[in-house]
Amino acid sequence: MDLGPVGRDRWRALNEALRAYLAEGLGTAFLLMTIVGSGIMGESMADGQVGVALLPHAIAIGAMLFVLITVFGPISGAHFNPAVTMVFLIRGEIALPRAAIYVGVQITSAVIGMLLAHLMFDLDLLQISEKGRTGPGQWVAEVTATFGLVMVILGGLRTAPHLVPVLVGAYICAALWFTASTSFANPAVTLARALTDTFTGIDPEHVIAFWVAQLAGAALAIPVANIVWAPAEK
């Protein structure tokens, strides 16, 4: 049956949207598997030395972000992060309906990725973290980490789009070390990490403050990026 030009356009748009949602889901799930899994593996081999556990953890996350953004970026934009999706929504670069679905997919897939990490390491699937991460230092760290992440993304897209995967991976690898919070910088990641009582966990009572800090950092980055990378004169 011939759908006609309008029908074919609608089918192509639906197909493109579904591919983007799948890419966001797969990317976010693998990101959480890497975060939680590398934390479990690193801690098990570190003999109680947090720095020894954190180094391979940071390298694994940075490397995985490079891979995921490279392969899924052309399909969905590789947000994997509600704060990043919010930024592109505010900038008018993604429509509200798609942004809302992205956030839903990111949160759902983050939890799935965390559960798969538990499954791989033979841990209880359902856990509640008891690791406290609260206080002004932690909150400032999350504002800073998310602000920096958005600046790197927007600056990279403006100055060197082909290097965005490298820039984001390198930034997060570094931010895991220079921020007191170890750079969550992602509301979906934060929620999923509240459900793992492992190296990367966060007490559920401390999640909302992290969300506020992350969204504040992302929102602050928008006007600053507009100033730093002012539109080129025509």
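Student: What volume does the largest pocket have, and what makes a space a pocket and not a cavity?

Tutor: The volume of the largest pocket is about 540 Å³, meaning the space filled by probe spheres set on grid points that are joined across faces, edges and corners. It is called a pocket because its set of points is open, with protein on both sides within 12 Å along at least five of seven lines on a 1 Å grid over the protein atoms alone, whereas in a cavity a 1.4 Å probe fits but cannot get out. This is a predicted model, in which local features need pLDDT of at least 70 and side-chain atom pairs count only at pLDDT 80 or more, while totals for chains, interfaces and linings use all residues. Residues are numbered from 1 along each chain as its sequence is written, and side-chain values use heavy atoms, with hydrogens and water left out.

Student: Which residues lie nearest the centre of the largest pocket, and which helix gives the largest share of its lining?

Tutor: Of the 35 lining residues, Ile 69, Ala 78, His 79, Val 84 and Ile 153 lie nearest the centre, a lining residue being one with an atom within 4 Å of a point. Helix α2 gives the largest share, seven residues, and the helices that supply at least two residues each include α1 (4-45), α2 (50-76) and α3 (82-90); helices here are DSSP runs (H or I, at least four residues), numbered from the N terminus. The lining divides into 24 nonpolar, nine polar and two charged residues.

Student: Why is Ala 78 called buried, and what is its phi?

Tutor: Ala 78 has 9% relative accessibility and therefore counts as buried, the limits being under 20% for buried, over 50% for exposed and in between for partly exposed (1.4 Å probe, protein chains only). Ala 78 is placed in the loop between α2 and α3, and its phi is near 55°, a positive value in a residue other than glycine.

Student: How do you know that Thr 85 is buried, and what does Thr 85 touch?

Tutor: Thr 85 has a relative accessible area of 1%, so it is buried. Thr 85 lies in helix α3, and, leaving aside residues up to four places away in sequence, it touches His 79, Ile 94, Ala 99, Tyr 102, Val 103 and Gln 106, where contact means heavy atoms within 4.5 Å. The buried residues of α3 also include Pro 82, Val 84 and Phe 88, and what covers the buried residues of this helix includes α4 (96-120) and α8 (207-228).

Student: What makes Arg 98 and Glu 16 a salt bridge?

Tutor: The closest N and O atoms of Arg 98 and Glu 16 are 2.8 Å apart, so the pair meets the rule of a side-chain nitrogen of Lys or Arg within 4 Å of a carboxyl oxygen of Asp or Glu. This pair links distant parts of the chain, with Arg 98 in helix α4 and Glu 16 in helix α1, 82 residues apart. Glu 16 counts as partly exposed because its relative accessibility is 32%.

Student: How many salt bridges does the rule give, and which residue pairs with Arg 91?

Tutor: The count comes to two, and Arg 91 pairs with Glu 93, the closest N and O atoms being 2.9 Å apart. Arg 91 has a relative accessible area of 34% and is therefore partly exposed, and Glu 93, at 47% relative accessibility, also counts as partly exposed.

Conventions:
Ala, Val, Leu, Ile, Met, Phe, Trp, Tyr, Cys and Pro count as nonpolar, Asp, Glu, Lys and Arg as charged, and the others, Gly among them, as polar.
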